[in-house]
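Here is a friendly walk through one model, from its overall build down to a few side chains. Have your viewer open and follow along.

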Amino acid sequence: MEKNSVWYLAGICLIGVVIGIIFVGVLTSVVHWAGTEKFCGEFCHSMDVTYAAYKKGDHFRTASGVTAGCSDCHLKNESNHFVGPIDYTALLIDKAIAGSKSLFGEIRGTMSTPEKQIEKRPEMATAVHQQMIDRNFSACRGCHDVERMYDPKKPLIGAIHKGMGPNAEKKVDCLACHPTAGHNYGYVIPFKAAAN
C-alpha cells in the first residue's frame with residue numbers, strides 16, 4: 001500500500017481515532033478511581049485522620065443512603081453532573097493541583113503520621129473553606145437544590161434556605177451552619193490525646 005493512497009491515510013486516521021478513544025477511556029477511569037473515597041482514604045496515606053473524620057461526617061452515609069465522595073466536595077465541577085469539555089478540563093486541572101500538593105506533602109513527610117495530620121488540620125481546613133467561599137459553595141449547590149428544599153415534617157428548613165440558590169444576591173457560607181457536613185473531627189481528635 002502506498003503512503004499517499006487514500007486507504008493508507010484512512011488507516012492512519014482510524015488508528016489515531018482508536019488510540020484517542022483508548023486514551024480518553026483510560027484517562028477517565030484513572031480520574032474516577034483517583035477520586036474515590038477508597039483512593040483518598042486508604043491509598044493516600046496522608047489522609048488517614050481526614051478519612052476517619054469523613055466517615056463520621058454527615059455526608060458519608062446520608063439519610064437517603066447516598067454518599068458524597070471526596071471529589072464531590074473538593075473538586076471544581078465534580079458535583080455538577082452536566083459538565084462540558086471546558087468544565088471537565090477545569091476539573092482535571094483542579095485535580096492535578098490538589099494531587100500534586102498531596103504528593104509533595106507525602107514526599108516531604110509533612111503529613112506522614114496521624115499526629116502531623118492533626119497538627120496540619122487547621123491550616124488545611126482554612127484553605128479548603130476559603131476555596132469553597134471563592135467558588136460560592138458550588139460543590140454544595142451541585143447536589144443540594146436549596147431553592148426547592150422542603151420537608152413537611154420540618155417546614156422551617158425550606159424557609160431558612162429560601163433565596164440561597166446559586167443566583168442569590170447574598171453569598172452564603174454553608175459551613176457556618178453545617179460544619180460537620182464533610183468531616184466530623186469531634187470523633188477523631190481524641191486520637192491525639194490517645195497518641196500522646
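## Overall build

The chain has 10 helices and zero strands; helices here are DSSP runs of H or I with at least four residues, strands are runs of E with at least two, and both are numbered from the N terminus. Read from the N terminus, the elements run α-α-α-α-α-α-α-α-α-α. This is a predicted model, in which local features need pLDDT of at least 70 and side-chain atom pairs count only at pLDDT 80 or more, while totals for chains, interfaces and linings use all residues. Residues are numbered from 1 along each chain as its sequence is written, and side-chain values use heavy atoms, with hydrogens and water left out.

The radius of gyration of the chain is 21 Å, whereas a compact globule of 196 residues would have one near 16 Å. That radius is taken over C-alpha atoms, and the globule rule is 2.2 Å times the number of residues to the power 0.38. Along its principal axes, the C-alpha trace spans about 75 × 45 × 30 Å.

## Surface and contacts

Of the 196 residues, 24% are buried; buried means under 20% relative accessible area, exposed means over 50%, and partly exposed is in between (1.4 Å probe, protein chains only).

Contacts (heavy atoms within 4.5 Å) can also be sorted by sequence separation. Among the contacts in the chain with a separation of 6 or more, 62% join residues 24 or more positions apart.

The UniProt annotation "binding site", from an unreviewed entry, covers Lys95. UniProt positions are given in the numbering used here, feature names are shortened, and annotations may be inferred rather than shown by experiment. Lys95 is found in helix α5, which covers residues 85-108.

Is Lys95 buried or exposed? Its relative accessibility is 16%, so Lys95 counts as buried. Not counting residues up to four places away in sequence, Lys95 touches Val31, Ala34, Gly35, Ser71 and Leu75. A polar atom of the Lys95 side chain lies 3.1 Å from the backbone oxygen of Ala34. For reference, a polar contact is a pair of N or O atoms within 3.5 Å; within protein, one must be able to donate a hydrogen and the other to accept it, and residues adjacent in sequence count only if both atoms are side-chain atoms.

Cys143 sits in helix α7 (residues 138-143), and because its relative accessibility is 48%, Cys143 counts as partly exposed.

His144 lies in the loop between α7 and α8 (155-161). With a relative accessible area of 34%, His144 is partly exposed too. Leaving aside neighbours within four places in sequence, His144 is in contact with His59 and Met149.

## Aromatic pairs

How many aromatic pairs does the structure hold? There are three. The ring centres of Trp33 and Phe39 are 4.8 Å apart and their planes meet at 70°, so this pair is edge-to-face. Rings of Phe, Tyr and Trp (its six-membered ring) pair if their centres lie within 6.5 Å; planes under 30 degrees apart count as stacked, over 60 as edge-to-face and the rest as tilted. Trp33 is partly exposed at 44% relative accessibility, while Phe39 is buried at 19%.

Tyr51 and Tyr54 form a stacked pair, 6.2 Å centre to centre with 25° between the planes. Both lie in helix α3 (residues 48-56), three residues apart, about one turn of the helix. An α-helix has 3.6 residues a turn, so residues three or four places apart point the same way. Tyr51, Tyr54 and Phe60 form one aromatic cluster. The buried residues of α3 are Val49, Thr50, Tyr51, Ala53 and Tyr54, and their cover includes α2 (37-43) and α6 (114-134).

## Asp72

Asp72 is found in helix α4 (residues 70-74) and, at 16% relative accessibility, counts as buried. A polar atom of its side chain lies 2.8 Å from the backbone nitrogen of Gly69.
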